[in-house]
Structure formats: structure tokens, C-alpha cells
Amino acid sequence: MGNDIAPAYPFARDDSGRFATASDWQRLEMDIIQAVLTPKGARPMKKSIGCNLAQLLFLNAPDETLPAEADPRNALAKKYVADAVSRAVPDAAIHDVVVRNENDGKSIFVTITYGFAGGGEKKQTAILYPG
């Protein structure tokens, strides 16, 4: 949490006519989502930035009666998200990642619990991948 000024996304003007800025929490969430939705290797000058979530789309979903903790995709998703975020957003801490298949069989729903590194407060964001 610093004094960085980040533009709000989507870009918009505030009541004073200036470009709206994001709070520290909004900036952190935007950075995490961007890191997770960027395919690994997609940035030409930063090949290590990105996430391998696309690989989870091709893993068979376990029986729906199986609890989320027993789904092997959750361990992989947590590793992929934690790796991507640690490289791209060093001031973030990932506390939990849960993934579940959507009914269409072509997408996954990822819930990420995160906070600032060294902080105690946590928030959640959800991503439908691919969006």
C-alpha cells in the first residue's frame, strides 16, 4: 500500500472531469485479475508473466459429489495463480484459490482470496475463465 496512483479501469472521468483513479484495493484487484488472465508467455518482453489456467480447461472435472478440497484442479489452480501473481504483483498475497467447472464444460470459475503482503485484511474476487 503506497502512494501509487493507478487509473481506474475501465477508464472513466470522475465528477471533477479528471480521469478516475483506483484505491489501493481496487488497484490490487485489477493487477491480480490482469496477471491471472494473461496467458503465460503472451508478453513479448516479459515471458515469465502470466498464468497457465488454460491448462485446467482440458482436465476432466471430478465427480460433482467430491468436495472442492479434493478436486486436484484446485491445487494446480492455486499454484498457477500464486506463481503468476508473485511474479507480476509483488505486493499481493494469495490466501486461497478455488476452481470449479461451469456447466458449459468450456470454462472454469476461479475464486481468489487475496490481500496485501504483510496485511491481515482479505478480499475475494471471482473470474470466469475464459471470460
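## Aromatic pairs

The structure holds two aromatic pairs. In the first, the ring centres of Trp25 and Tyr114 lie 6.0 Å apart and the planes meet at 50°, so this pair is tilted. Trp25 belongs to helix 1 (residues 24-37) and Tyr114 to strand 4 (residues 108-116), so the pair links distant parts of the chain, 89 residues apart. The model described here is a predicted one.

How accessible are these two residues? Trp25 has a relative accessible area of 16% and is buried. Tyr114 is also buried, with a relative accessible area of 2%. Buried is the word for residues under 20%, and both values fall below that limit.

The second pair is made by Trp25 and Phe116. Here the centres are 4.8 Å apart and the angle between the planes is 70°, which makes the pair edge-to-face. This pair, too, links distant parts of the chain: Trp25 is in helix 1, Phe116 is in strand 4, and 91 residues separate them. Phe116 has a relative accessibility of 4% and counts as buried.

## One cluster

A pair of aromatic rings is described by two things, the distance of the centres and the angle of the planes. Trp25 takes part in the tilted pair with Tyr114 and in the edge-to-face pair with Phe116. Together, Trp25, Tyr114 and Phe116 form one aromatic cluster.

## A charge over a ring

Another ring has a charged neighbour. Arg13 lies over the face of Phe19, at a distance of 4.1 Å from the ring centre.

How many salt bridges does the structure hold? There are three. Side chains of opposite charge can pair when their charged atoms come close.

Arg27 and Asp31 meet through their side chains in a salt bridge, with 3.0 Å from N to O. Both residues are in helix 1 and stand four residues apart, so about one helical turn separates them. Arg27 counts as buried at 11% relative accessibility, whereas Asp31 counts as partly exposed at 24%.

Arg27 also forms a salt bridge with Asp91, and the N to O distance is 2.7 Å. Arg27 lies in helix 1, while Asp91 lies in the loop between helix 2 (72-88) and strand 3 (92-101), so this bridge ties together parts that are 64 residues apart in sequence. Asp91 counts as partly exposed, at 26% relative accessibility. Arg27, Asp31 and Asp91 are therefore linked in a network of salt bridges, because Arg27 pairs with Asp31 and also with Asp91.

Which residue forms a salt bridge with Lys79? The partner is Asp83, and the closest N and O atoms are 2.8 Å apart. Lys79 and Asp83 are four residues apart in helix 2, so they are separated by about one helical turn.

Lys79 has a relative accessible area of 47% and is partly exposed. Asp83 counts as partly exposed as well, at 27% relative accessibility.

Key: Residues are numbered from 1 along each chain as its sequence is written. This is a predicted model: local features need pLDDT of at least 70, side-chain atom pairs count only at pLDDT 80 or more; totals for chains, interfaces and linings use all residues. Side-chain values use heavy atoms; hydrogens and water are left out. Rings of Phe, Tyr and Trp (its six-membered ring) pair if their centres lie within 6.5 Å; planes under 30 degrees apart count as stacked, over 60 as edge-to-face and the rest as tilted. Helices (H or I, at least four residues) and strands (E, at least two) are DSSP runs, numbered from the N terminus. Buried means under 20% relative accessible area, exposed over 50%, partly exposed in between (1.4 Å probe, protein chains only). A charge sits over a ring if NZ of Lys or CZ of Arg is within 6 Å of the ring centre and within 35 degrees of the ring normal. A salt bridge is a side-chain nitrogen of Lys or Arg within 4 Å of a carboxyl oxygen of Asp or Glu.
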